[in-house]
Amino acid sequence: MKKLFILLMILAAVCFIGVWIYQTQRLKKNARAAISKGQVVMNWGLIILFVVGLVGTFTAPSTKTSEPAEHHPANEHATKVSKAQSSSESAAAASSSSSQSASSSSATSSSASSSSSSQLQVDFPTDVSLNKTGDATVSFKAPANTQFEIKDSNNNVVTTLNGNAQGADQTYNFKKPGKYHVTAHNGDQTIDKDLTVRGIGQ
């Protein structure tokens, strides 16, 4: 816009100088020649255009001041792209952390399950009573080659049942009521349980 006003001012000045020279030479050749109204209007019009161009040159905004406004959308777009990339990276990091946490939890759960499943499993009644003949037969169920050691309340070994390769049930006939402690061994696995033998009719 400023360049347009400068161009207008230059054109008006050139035209005014050209008209002034023409009118001056005309008056020199013919001193009695009169200046027409059209020439007067043209002179004033050129002067007005020159003034408008001069004022516009100093008041119109320069191109440099408008450049930041033109580049602002590009900068804003770059900022948005940067924020979007940052948000995407944060989401990816959170997803990776969640995945690692889930994997760790799964591994822990798997380890606990494996430990539980590897524990020695034995089965026998823990509360029995002597029958009318004064004995109580207890059947011990366990994996093959499982050995049972039975102790009374005074920690004296009552009997030891040696396991067999077939994993068949092992039995023992209790004759005395009381509290017993049963320990099962199978390789490096051990499990302890208490057994109560009650009197006849109890």
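Which helix is F50 found in? F50 sits in helix α2.

Ground rules next. This is a predicted model, where local features need pLDDT of at least 70 and side-chain atom pairs count only at pLDDT 80 or more, while totals for chains, interfaces and linings use all residues. Residues are numbered from 1 along each chain as its sequence is written, and side-chain values use heavy atoms, with hydrogens and water left out.

The overall layout. The chain has 3 helices and 7 strands. Both are DSSP runs numbered from the N terminus: helices are H or I with at least four residues, strands are E with at least two. Along the sequence the order is α-α-α-β-β-β-β-β-β-β. Buried residues make up 20% of the 202 residues. Buried here is under 20% relative accessible area, exposed is over 50%, and partly exposed is in between, with a 1.4 Å probe and protein chains only. The chain exposes about 14300 Å², and carbon and sulfur atoms supply 56% of that. Those areas come from the Shrake-Rupley method with a 1.4 Å probe; for residues, only the protein chains shown count as cover. Now contacts, meaning heavy atoms within 4.5 Å. Of the contacts with a separation of 6 or more, 56% join residues 24 or more positions apart.

On to the helices. Start with α1, residues 2-29. Its 28 residues should span 40 Å at 1.5 Å a residue, and the end C-alpha atoms are 41 Å apart, which agrees. The expected span is 1.5 Å times one less than the number of residues. Helix α2 covers residues 37-59. With 23 residues, α2 reaches 33 Å from first C-alpha to last, close to the 33 Å expected.

How do these two helices meet? In α1, the buried residues are F5, M9, A12, V19 and Q23. They pack against α2. In α2, the buried set is Q39, N43, L46, G53, G56 and T57. Their cover includes α1.

Back to F50. At 32% relative accessibility, F50 counts as partly exposed. Leaving out residues up to four places away in sequence, F50 touches M9, A12 and A13. M9 and A12 are among the buried residues of α1. There is also a C-alpha pair to look at: F50 and C15 are 35 residues apart along the chain, and their C-alpha atoms are separated by 9.9 Å.

Now the strands, beginning with the loops. Two asparagines deserve a look. N145 lies in the loop between β2 (136-140) and β3 (147-151). Its phi is positive, about 65°, although N145 is not a glycine. N155 lies in the loop between β3 and β4 (157-161). N155 has a positive phi too, about 70°, and is not a glycine. N155 is exposed, with a relative accessible area of 54%.

One more loop residue. T133 lies between β1 (127-129) and β2. T133 is exposed at 65% relative accessible area. T133 and I200 are 67 residues apart along the chain, yet their C-alpha atoms are separated by 8.6 Å.

Strand β7 runs over residues 189-198. Beyond four places in sequence, T196 touches T126, D127, V128, G178 and K179.

After β7 comes a segment that holds G199. G199 is buried, with a relative accessible area of 10%. Its contacts, setting aside neighbours within four places, are S129, L130 and P177.

Last topic, the pocket. Rolling a probe the size of a water molecule over the atoms shows where empty space is left. On a 1 Å grid over the protein atoms alone, a pocket is an open set of points where a 1.4 Å probe fits, with protein on both sides within 12 Å along at least five of seven lines; lining residues have an atom within 4 Å of a point. The largest pocket has a volume of about 160 Å³. Volume means the space filled by probe spheres set on the points, joined across faces, edges and corners.

Which residues line the largest pocket? D152, S153, V158, Y172, N173, F174, K175, K176, P177, G178, K179 and Y180 do. By type, the lining divides into 5 nonpolar, 3 polar and 4 charged. Nonpolar covers Ala, Val, Leu, Ile, Met, Phe, Trp, Tyr, Cys and Pro; charged covers Asp, Glu, Lys and Arg; the others, Gly among them, are polar.
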